[in-house]
Number of protein chains: 4
Amino acid sequence: MIDRILSATAQVLAEKGYAGLSTNRVAAAAGVSIGSLYRYFADKNELIEQLRARSSADVLADLTGALTAAVTMPARDGVHHILSVLVHAVQRHRAVTTAMIAEAPLGAHGNILPEVERQLAQMTRLFVAVHAPGLDPLEADARIHLAMGVTLNACLRIALDPPPGVTEDRLISLTADLLVLGLVPDL
Amino acid sequence: MIDRILSATAQVLAEKGYAGLSTNRVAAAAGVSIGSLYRYFADKNELIEQLRARSSADVLADLTGALTAAVTMPARDGVHHILSVLVHAVQRHRAVTTAMIAEAPLGAHGNILPEVERQLAQMTRLFVAVHAPGLDPLEADARIHLAMGVTLNACLRIALDPPPGVTEDRLISLTADLLVLGLVPDL
Amino acid sequence: MIDRILSATAQVLAEKGYAGLSTNRVAAAAGVSIGSLYRYFADKNELIEQLRARSSADVLADLTGALTAAVTMPARDGVHHILSVLVHAVQRHRAVTTAMIAEAPLGAHGNILPEVERQLAQMTRLFVAVHAPGLDPLEADARIHLAMGVTLNACLRIALDPPPGVTEDRLISLTADLLVLGLVPDL
Amino acid sequence: MIDRILSATAQVLAEKGYAGLSTNRVAAAAGVSIGSLYRYFADKNELIEQLRARSSADVLADLTGALTAAVTMPARDGVHHILSVLVHAVQRHRAVTTAMIAEAPLGAHGNILPEVERQLAQMTRLFVAVHAPGLDPLEADARIHLAMGVTLNACLRIALDPPPGVTEDRLISLTADLLVLGLVPDL
DNA sequence: TATGAATGAGCGTTCATTCAT
DNA sequence: TATGAATGAACGCTCATTCAT
């Protein structure tokens, strides 16, 4: 039931945009009474938040796989792989992501993908520790914080608003270069 | 009066968020009748757009100054200077920026300051042409597109959500390094 | 509920006139929330249209009965009967009629009861065909068009703004004479 | 000034319809401040009422001429002449008449052309007294009341919503026959 | 548990009217 | 006298939320 409602939410979002997302419409799309919707979700915010969480978890699953694969690759290749997986994950959730970025009052829900950022940051800390062991931890954290912004922003741009005339793969490569250089310039 | 209303808009935005921004609320906050608001602004959209334009113009003025100053500096110092000015401009317009950018922090199109990005991109194109004349134009444009995302995103993070334990100046320095490396790696 | 709202609409119309007819006022008069009103009527127009349709159907029912009865009567008596029924139907729907017809008493298009006029016109065409078979069809249609105006206008005058000193029945008789003479002068 | 405002009112009525008639718009169209408008007209109602009165006076002037001419004609010709003049007068004021019939809350202002009806009724009383001296006065008044409705309604229909396939002159002739027959059947 | 009719605060917007200048 | 900026009640309408069944 919860799943049915969340899927309907995503569908309404895709079809009508954030402005067209009403609880009554979601309930109708889910083939569920509005009363039932409120049995499973305290309010509209929670509905949105859980949809975001669900997308986030889905992306996270992909990311975990990518991270596992990446550890056995050369540094730059690993970064490239992770970025590529992220870009495709964002594209898969285009509807939710677009609607939320473009229109949702996200102030209430924080970042769109905080879990993803957290997991990614953790992994990156490991990566930095391995490849630049001499770096001051605070300095490393600062770099990682910035890098997270760069990573997520770049993935969103590449997935949802790519510049014309350049392949997606080239954009990912450029971003990977940027990140590796930014994180461990001496590599 | 126009000023009073726009300021009230920024204030309501800061206090209630984008979703809580209503014309009646703005009028009340401005100590003005709702009728007066509609004498000066055709509709709610225009109100928002003018607030954005006003912030944009303000930031743009700073940016133009910074760009002028930057041309006479060594490349990295110039970038650092520009970033610094941008960070402070964002801080000055925290309310607008938070409501309109930071609520969609990874914003692919979430640039409420397209004029700023445009001007910055133009300047960056010049910079790249000077420092990396051999670069393929399409490739250069792709890099610039990414760099714009990085720049604006980093400025927002530094201004509105800085990581603890590191000075703002250090963060700006790191970003400057990242950008210069990313744009003209052979420098 | 629908009935309650439509009755309230008629009541507000009677008390405040067409210009004073607001959806909120209707809802209040019906002892119903404004939200409920909009559950049953898509918008204000539909509310008005359904009230009109309902009155129209009611009048039409009377009219149909009267027409059936009239065919077995001598011509003048039949016309008299029909007029009488119409006058009473108008009186019964005084509120709606007053608001929508009588406020534009000379109404060229002011027929809020087009179905009634249509049905009446059809019957009249038959009547003319029977009693004045030699008449040119276009000429007949013109007479009928005028006669419809005369009929409805007279009924309204008799029902809502009768001249003093004469019985209603006498007025109806005069109108019947006028109509029969006007339609088939040679009768 | 008063004239300028009334003309502007008629113009706005013609261009925007009754629903688009606002005092501010009228003032703007008249090239006069809204404050001045309210110096000359107590409120919007008065503005409308005076416009109606002005049109009425204009029609009345024509009517008076027609009546004068009609007294020297044979009865039916006189009636035909009067109707013809009325039809053209209504056509000349098409904008005002249409707007007011179709949309104005005339409940507040009564008939559109009460002065015209009054004058016409007076003249008709004379006509009946001459041509049917034996008629009971109350009965005569009833006939006249009905005839006024017929006359004005027919003129409006002929002027604003004529049936197709028949000339205006024929319609006027039919109406004249109807009226003469209805008023003094023994003629 | 599930339903969906009912609610009503609040939205963006209009416009007749006032009054300080 | 003339101005027009300012007012605010009221409009049509939406939608998150409740609660009797």
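In this predicted model, a polar backbone atom of G35(D) sits 3.2 Å from a base nitrogen of DNA strand F, a polar contact being a pair of N or O atoms within 3.5 Å. Phosphate oxygens of DNA strand F are approached as well: a polar side-chain atom of Y38(C) lies 2.6 Å from one, and a polar side-chain atom of S36(B) lies 2.8 Å from one. In total, 30 residues surround DNA strand F, and T23(A), R39(B), Y40(B), Y38(C) and S36(D) are the closest; a residue is near the strand if one of its heavy atoms lies within 4 Å of it. Of the atoms of DNA strand F that come within 4 Å of the protein, 57% belong to sugar and phosphate.

Beyond its neighbours within four places in sequence, V116(D) is in contact (heavy atoms within 4.5 Å) with S56(D), V59(D), L60(D), L63(D), L86(D) and L152(D).

Residues are numbered from 1 along each chain as its sequence is written, and chains are lettered from A and ligands numbered from 1 in the order in which they are written. Local features need pLDDT of at least 70, side-chain atom pairs count only at pLDDT 80 or more, and totals for chains, interfaces and linings use all residues, while side-chain values use heavy atoms, leaving out hydrogens and water.

Methods
Polar contact = N/O pair within 3.5 Å; in protein donor to acceptor, adjacent residues only side chain to side chain.
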